[in-house]
Amino acid sequence: MPAIQLVDLRKYYGKGEQTVKAVDGVNLSIESGEFASIVGRSGSGKTTLLDSIGLLMRPTTGRIIIDGEDTTAMKDSARAVYRSHKLGFIFQDFNLLDTLNAIENVLLPVRYSGADKKEARKRAFELLEVVGLTDRAAHRPTQMSGGEKQRVSIARALINNPTIVLGDEPTGNLDTETSAKLMTILRAANRDRGVTFVIVTHDLDLASTTDRIVRIQDGHVQSDERLTARPSGEVREPILA
Amino acid sequence: MELVRNLWRRKLRSILTITGIFMGILALVTMGGLAEHFNALIDGGVKYFSSNVQVSESSNGGFSGGIMQLSVKDDLEKVEGVAVASPGVSLQAKPGNLGGGFTNDTITSYDPAAAQYSSFKLALASGHEVTDNSRGEVVFGSTIAKEFKKQVGDTIDLPVRPADARPDFVNHPFRVVGILQQTLTAPDGFAEVSLHDAQTLYGDQLPPAIKKTLDPYTLVGGMTVYGKPGANLDDIADRINNQVPGVKALKPSVLVTQFKAFSVTFTAITTVAALLALVIGGISVVNTMLMAVTERIREIGLKKAVGARTGHIMREFVSESTLIGAIGGGLGLAVGALAIIGLNQAFGGASGIFLLTPRLAIGSFLFAVVLGAVAGLLPAARAARMDPVIALRSVG
């Protein structure tokens, strides 16, 4: 069963002659456990596509089916619950809350999912260990480097055991070395936890490390390429003991 | 904890907003304290005067204070519906003193026979009541006892000699035989003596020219008339005015209406203070929370992205504004209470001017909390309705 299925998805802004077709008739199926990247120029519609998959916006027409469930008719509250339980998000600029320390930031989605707080706290520390930030648990974002902040946000994306994690330029604000380390962590989560990853990027080198590259242009799928040979050696440790 | 951190993000703004609530609640507590004391006094008056008919010499308008013959008692008790006419004599316990607070210290005669008819019951905190046969015995109200630091068994000269007493000023020693429980109204300033003793003191104060021609034991200041069970007191007042010459009886309903009119005025003062608190504090909270929402758009977007529903966002912002209300209200109540204690000590005499009742304290604090919550609703709703994508993509 596909983790994500987009059926004739369209997202238009404006009316009449000024209509902007950000996503225009996209049909796409991403299998469970796949690590896919969506690439395209600025304004191609890739971020709108990701926001639609993340149930953050409603499409103009078309259907978004996640884990076999059609989300098209879902109410806002049901979409929020769905996001809470099924989806994780990683943002380019981390979006950590400065008033919370690392562990509290990781636990933020738990506040809204209704998961057991004690269990979640234990899991949060495990995830911080996985991303190598055990000693930074009590630090605020203002006391962390960009790479550390993004590792916290990866832990936050995984805290509710989502089936899908969506990344919007997750390494966009990081240097090459830090980006590579983060991709190693993401690949490990994909492999060890079976989480489906969809990342939006304009970095073709980064995209080439994923299983599949979907190119978007003017709101259409321009190409859909499955990579047969994965780069080797990027995963060194299992994500969870 | 996050709530406190969010407030502390913009310290000056939070402090100014809390100060707005604080000022409003301070005003509410102090003005309310004034009204509470006054209303307690009024309530006591309403309770007392609604159970009897006040009768005085006709030129005195119905209230005691003039001169009336004791023999009128018999005429009054012949009027249909009258159960008993209780003679009364009242005079200042501290001549020449305007007193502090709402109640003045008053020496008043006590009629054991009439006490059973009054709906305003006085209870003793210690000792016993005076009787018709008491001589040189006094029962003090709670305030006057505190003012003169007297307990049962102590003695005092009444009336108290003023600093500028005339050479012919006379007073008499009295032994305190009882202390009344606090009533928060006029009897707290009473020094109750027997009718005979009150008449003696009254006679002492008569001008020398009159004193020689009048027997003080035939005189009273006025009469308090109690009706038989089921009798209409207003009708009794009308009958007294029609049947007993030379006296004026006041209808209880007229008196009670007048008392309640005073009460309405003071309640209006409290309401105005509350409205000021509402306007000043409420607007500042709304403003602060709207600014907080504007500054935290991305945070709201993130929270919605990770699963926060409308209710979650609403709850978080309303909790924050409620906390502002609670802090401002708590501080306003604490400082207001201290102000009331200080002002009562400085200007209120023994009875005080302000009264901080549990009702006022709890009400003021809850008012601040509810004000904070209500003021946070609009900004919170604005935050909760925010589109997560627009919020996440916002700059800042």
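Strand 4 (residues 61-66) and strand 5 of chain A pair in the antiparallel sense over two bridges. Strands here, like helices, are DSSP runs numbered from the N terminus, with at least two residues (E) for a strand and at least four (H or I) for a helix. Two strands count as paired if DSSP finds at least two bridges between them. One residue pair to look for is A:Ile65 with its bridge partner A:Asp70 in strand 5 of chain A.

This is a predicted model, in which local features need pLDDT of at least 70 and side-chain atom pairs count only at pLDDT 80 or more, while totals for chains, interfaces and linings use all residues. Residues are numbered from 1 along each chain as its sequence is written, and chains are lettered from A and ligands numbered from 1 in the order in which they are written.

In chain A, four strands form an open antiparallel sheet in the order 2-1-4-5. Strand 2 (20-31) and strand 5 (69-70) of chain A are the edge strands, each pairing on one side only. Helix 1 (residues 46-53) of chain A packs on this sheet and touches strand 1 (2-13), strand 2 and strand 4 of chain A. Two residues are in contact if their C-beta atoms, placed from the backbone, lie within 7 Å. The direction of helix 1 makes about 55 degrees with that of strand 2 of chain A; such angles run from 0 to 180 degrees between N-to-C directions, and axes are lines fitted to C-alpha atoms, for helices over the stretch in contact.

Chain A has another sheet to visit. Six strands make up this open sheet in the order 6-7-8-3-9-10, with mixed pairing. Its edge strands are strand 6 (87-90) and strand 10 (220-226) of chain A, and the twist averages 20 degrees from one strand to the next. Strand 9 (residues 212-217) of chain A runs antiparallel to strand 10 of chain A, and six bridges join them. Among the residues involved, A:Arg212 has A:Arg226 in strand 10 of chain A as its bridge partner.

Helix 5 of chain A lies across strand 6 and strand 7 (164-168) of chain A, at about 170 degrees to strand 6 of chain A. What angle do helix 3 of chain A and helix 5 of chain A make where they pack? The angle is about 35 degrees, and the axes of helix 3 and helix 5 (residues 146-158) of chain A are 7 Å apart. Their crossing is right-handed; that term applies if the near helix is turned clockwise from the far one by less than a right angle, and left-handed if anticlockwise. Helix 3 of chain A contributes A:Ala102, A:Asn105, A:Val106, A:Leu108 and A:Pro109 to the contact, and helix 5 of chain A contributes A:Val152, A:Ala155 and A:Arg156. These residues divide into six nonpolar, one polar and one charged. Ala, Val, Leu, Ile, Met, Phe, Trp, Tyr, Cys and Pro count as nonpolar, Asp, Glu, Lys and Arg as charged, and the others, Gly among them, as polar.

In the loop between helix 4 (117-130) and helix 5 of chain A you will find A:His139. Is A:His139 buried or partly exposed? A:His139 counts as partly exposed because it has 15 C-beta neighbours inside 10 Å. A residue is buried if 20 or more other C-beta atoms lie within 10 Å of its own, exposed if 12 or fewer, and partly exposed in between, with C-beta atoms placed from the backbone. Leaving aside residues up to four places away in sequence, A:His139 touches A:Asn101, A:Ala102 and A:Met144. A:Asn101 is 38 residues from A:His139 along the chain, yet their C-alpha atoms are separated by 5.1 Å.

Next comes the meeting of the two chains. Chain A and chain B each give 17 residues to the contact. On the side of chain A that touches chain B, helix 2 (76-86) and helix 3 (102-113) of chain A each supply at least two residues. Helix 2 of chain A gives the most, with five residues.

Finally, turn to chain B, with its 13 helices and 13 strands. Its radius of gyration is 30 Å, well over the 21 Å that the globule rule gives for 396 residues, so chain B is more spread out than a compact globule. The radius is taken over C-alpha atoms, and the rule is 2.2 Å times the number of residues to the power 0.38.
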